Amino acid sequence: MAVGLLTLELYLPMNDSLKGKRSILKPLIARICHDFNVSVCEAEAQDVLTRAVIEVACVSQNAALAHRHLQDVAHRVERWHGDAQLIDYRIEMLG
């Protein structure tokens, strides 16, 4: 069994309030959870209006499958047509 952790750094250029940030992130997080069956949370920069850091956790049979699954998540977020732009991402394998 392998556990993978994907860290997504997002830029929210048009946001000017915490309520606006939540309205941008909530549908994105819901879509990721629904489409990929992973756990997602906002991890850092909760008080920063134009930046968000999202963590995505995945458990799989082996490290290669978990890594590929998390890459698919990152590529989907990169193509997201909302108000969030992917700045960077990194994948860590925990087991």
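A search of the whole structure turns up 0 disulfides. The model is a predicted one. A disulfide is a covalent bond between the sulfur atoms of two cysteines. To count as a disulfide, two cysteine sulfur atoms must be within 2.5 Å. Cys58 is in no disulfide either. For Cys58, the nearest cysteine sulfur is that of Cys33, 12 Å away. What about exposure? Cys33 has 30% relative accessibility, so it counts as partly exposed. Cys58 has 6%, so it counts as buried.

Now turn to the two helices. Helix 1 covers residues 18–36, and helix 2 covers residues 63–78. Their axes come within 11 Å. They cross at roughly 145 degrees. The crossing of helix 1 past helix 2 is right-handed. Which residues meet there? From helix 1 come Leu28, Ile32, Asp35 and Phe36. From helix 2 come His69, Asp72, Val73, Arg76 and Val77. By type, the residues of this contact are 5 nonpolar, 1 polar and 3 charged.

Take Val73 as one example from helix 2. Is Val73 buried or exposed? Its relative accessible area is 0%, so Val73 is buried. Beyond its neighbours within four places in sequence, Val73 is in contact with Leu6, Ile32, Phe36 and Val56. Val73 and Asp35 are 38 residues apart along the chain. Their C-alpha atoms are separated by 8.9 Å.

Arg76 lies in helix 2 as well. Its relative accessible area is 31%, so Arg76 counts as partly exposed. Setting aside neighbours within four places in sequence, Arg76 is in contact with Asp35 and Phe36. Arg76 and Arg31 are 45 residues apart in sequence. In space, C-alpha to C-alpha, Arg76 and Arg31 are 9.8 Å apart.

Next comes the nonpolar core. How many residues does the largest nonpolar core have? It has 23. The residues with the most contacts inside it are Leu8, Leu10, Ile32, Ile54, Val56 and Val77. Strand 1 (2–11), helix 1, strand 3 (51–60) and helix 2 each supply at least two residues of this core. The largest share, 6 residues, comes from helix 1. Val77 shows how parts of the chain meet. Not counting residues up to four places away in sequence, Val77 touches Leu8, Leu10, Leu28, Ile32 and Leu86.

Follow the chain to the end of helix 1. In the loop between helix 1 and strand 2 (39–44) you find Asn37. Most residues other than glycine have a negative phi. Asn37 is not a glycine, yet it has a positive phi of about 55 degrees. Is Asn37 buried or exposed? Its relative accessibility is 72%, so Asn37 counts as exposed.

Now move on to strand 3, where Ser60 lies. Its relative accessible area is 16%, so Ser60 is buried. The cut-off for buried is under 20%. Ser60 touches Met1, Ala2, Leu65 and Ala66, leaving out residues up to four places away in sequence.

Gln61 sits in the loop between strand 3 and helix 2. At 66% relative accessibility, Gln61 counts as exposed because the cut-off for exposed is over 50%. Which residues does Gln61 touch, not counting residues up to four places away in sequence? They are Met1 and Ala2. Ser60 touches Met1 and Ala2 too. Gln61 and Leu10 are 51 residues apart along the chain, and their C-alpha atoms are separated by 29 Å.

The last stop is strand 4 (residues 85–93), the place of Asp88. At 39% relative accessibility, Asp88 counts as partly exposed. Leaving aside neighbours within four places in sequence, Asp88 is in contact with Thr7, Leu8 and Glu9. Asp88 and Ala52 are 36 residues apart in sequence and 11 Å apart in space, C-alpha to C-alpha.

Key. Residues are numbered from 1 along each chain as its sequence is written. This is a predicted model: local features need pLDDT of at least 70, side-chain atom pairs count only at pLDDT 80 or more; totals for chains, interfaces and linings use all residues. Side-chain values use heavy atoms; hydrogens and water are left out. Axes are lines fitted to C-alpha atoms, for helices over the stretch in contact, and angles run from 0 to 180 degrees between N-to-C directions. Helices (H or I, at least four residues) and strands (E, at least two) are DSSP runs, numbered from the N terminus. A crossing is left-handed if the near helix is turned anticlockwise from the far one by less than a right angle, and right-handed if clockwise. Contact means heavy atoms within 4.5 Å. Ala, Val, Leu, Ile, Met, Phe, Trp, Tyr, Cys and Pro count as nonpolar, Asp, Glu, Lys and Arg as charged, and the others, Gly among them, as polar. Buried means under 20% relative accessible area, exposed over 50%, partly exposed in between (1.4 Å probe, protein chains only). A nonpolar core is a set of buried Ala, Val, Leu, Ile, Met, Phe, Trp, Tyr and Cys residues joined through side-chain atoms within 4.5 Å.
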